[in-house]
Amino acid sequence: MNKPLDCLIIGGGPAGLTAAIYLSRFLLDITVIDAGDSRASWIPTSHNHAGYPDGINGKELLRLMREQAIKYGTTIETGRVTRLDRGENGVFSADWGCGAQAALTVLLATGLTNRRPPMDPELHDEAMARGLIRYCPICDGYEVTDKRVGVIGSGTNGVGEAIFLRSYTCDVTLIAPDKALELSDEERHQLEQAQVVLVDGPAEAIGVTEACITVNTADGLMTFDSVYPALGSDTHTGLGKMVGAEIADDGCFLCDLKMRTSVEGLYAAGDVVHGLDQISHAMGEGGQAAVTIRNDLAERSPLRRAPLNAAQQEAAQEGD
């Protein structure tokens, strides 16, 4: 196996790439392995990312972040890590498409995947690109101000999103994904108070017209300007579980305030950690994780990355 990296970053979204920029500028030897499916790449235009008053496309943001990381020495490989092990000496080994990679530390920035409504994948992606399907009311609730909005969901996720979106528009409909809406008396009261329309499912046969999106429900075909699937998400914690990382009740990695998991040398950042699922938040966690990794490595070997002074360089050359 090759010489251990200082840090292997698994995941090339905003959290992983922010950490890569920091760690490379700390003069550490790092590699990012990215499967290329960051949720940020789905975003047609982000309007709430500070510094881009006209918005920025998610793929373009990631391209710029990769370019910046590479500028400072980050190696970025395309692939999917399928196995993570930790030896008795504390060194990690990650298996991916080009073989095993050893690392003294690992940062998991593997994110999560939103559960999609039942529809053709290409049609889904087209609808997302046009803003007909949206997944983050915190990010883009502003864009549906005074528009017709449908929320497909039930329970806590559906209720929360419907009431949140009601602050942007008076036309919000909550649709059950399956049969009847599963609501407590308190949830039903909250929705009635907010004047959210309640419709039983199943929500199926989702279609796209020239300017709208349609959903076939128990009440017939309904037309909206945008639909928010509030169907939950799946957090990508499998690699951490392989080395014994503790998982919190919400399915995310259990981390301390410095982004350390319960396994020494293993860190996590971004949507795979409990917190606000926002690009800005993920970037902040990536920066915090990078600083922690650098400091933890320095405690192990304080001078391992200290620049050589002139006498040391001369001695090193004589040794050669």
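Colleague: What is the bridge partner of Val208 in S12?
Modeller: Ile213 is the bridge partner of Val208 there. This is a predicted model, in which local features need pLDDT of at least 70, side-chain atom pairs count only at pLDDT 80 or more, and totals for chains, interfaces and linings use all residues. Residues are numbered from 1 along each chain as its sequence is written, and side-chain values use heavy atoms, with hydrogens and water left out.

Colleague: How do S11 and S12 pair, and over how many bridges?
Modeller: Antiparallel, over three bridges. Two strands count as paired if DSSP finds at least two bridges between them. Strands (E, at least two residues) and helices (H or I, at least four) are DSSP runs, numbered from the N terminus.

Colleague: What joins S11 to S12?
Modeller: A hairpin, through four residues.

Colleague: And which sheet are they in, in what order?
Modeller: An open sheet of three strands, ordered S11-S12-S13, with antiparallel pairing. S11 (204–208) and S13 (220–224) are the edges. Each has a single partner strand, so one side of each has no neighbour in the sheet. The twist from one strand to the next averages 20°.

Colleague: How many bridges between S12 and S13?
Modeller: Five, again in the antiparallel sense, with S12 covering residues 213–217. Thr214 has Thr223 in S13 as its bridge partner.

Colleague: Which strands form the parallel sheet?
Modeller: Four of them, in the order S10-S9-S8-S14, and that sheet is open too. S10 (197–199) and S14 (226–230) are the edge strands, each pairing on one side only. Neighbouring strands are turned by 20° against each other on average, direction ignored.

Colleague: What joins S8 to S14?
Modeller: Five bridges, with S8 being residues 149–153. Gly150 has Val227 in S14 as its bridge partner.

Colleague: Which helix lies across S8?
Modeller: H5, residues 155–165. H5 also lies across S9 (172–175) and S14, and runs at about 165° to S8. Angles run from 0 to 180 degrees between N-to-C directions, and axes are lines fitted to C-alpha atoms, for helices over the stretch in contact.

Colleague: Switching to loops. Where is the cis peptide bond?
Modeller: Between Gly201 and Pro202, with omega about 5°. Pro202 sits in the loop between S10 and S11.

Colleague: Which non-glycine has a positive phi?
Modeller: Gln195 is one, at about 60°. Gln195 is in the loop between H6 (185–193) and S10. Most residues other than glycine have a negative phi, and most peptide bonds are trans.

Colleague: What about Gly90?
Modeller: Gly90 takes a positive phi near 85° in the hairpin of S4 and S5, which has five residues between the strands. S4 (83–86) and S5 (92–96) run antiparallel, joined by four bridges. Arg86 stands opposite Phe92 in S5.

Colleague: Now helices. How do H1 and H8 pack?
Modeller: At an angle of about 40°, with axes 7 Å apart; H1 is residues 14–25 and H8 is 279–300. The crossing is right-handed, that is, the near helix is turned clockwise from the far one by less than a right angle.

Colleague: Which residues meet there?
Modeller: From H1, they include Ala15, Thr18 and Tyr22. From H8, Ala282, Gly286 and Arg294 are among them. Contact means heavy atoms within 4.5 Å. The residues divide into eleven nonpolar, three polar and one charged. Ala, Val, Leu, Ile, Met, Phe, Trp, Tyr, Cys and Pro count as nonpolar, Asp, Glu, Lys and Arg as charged, and the others, Gly among them, as polar.

Colleague: Last topic. Which helix gives the most to the lining of the second largest pocket?
Modeller: H3 (121–129), with three residues. The whole lining divides into five nonpolar, two polar and three charged.
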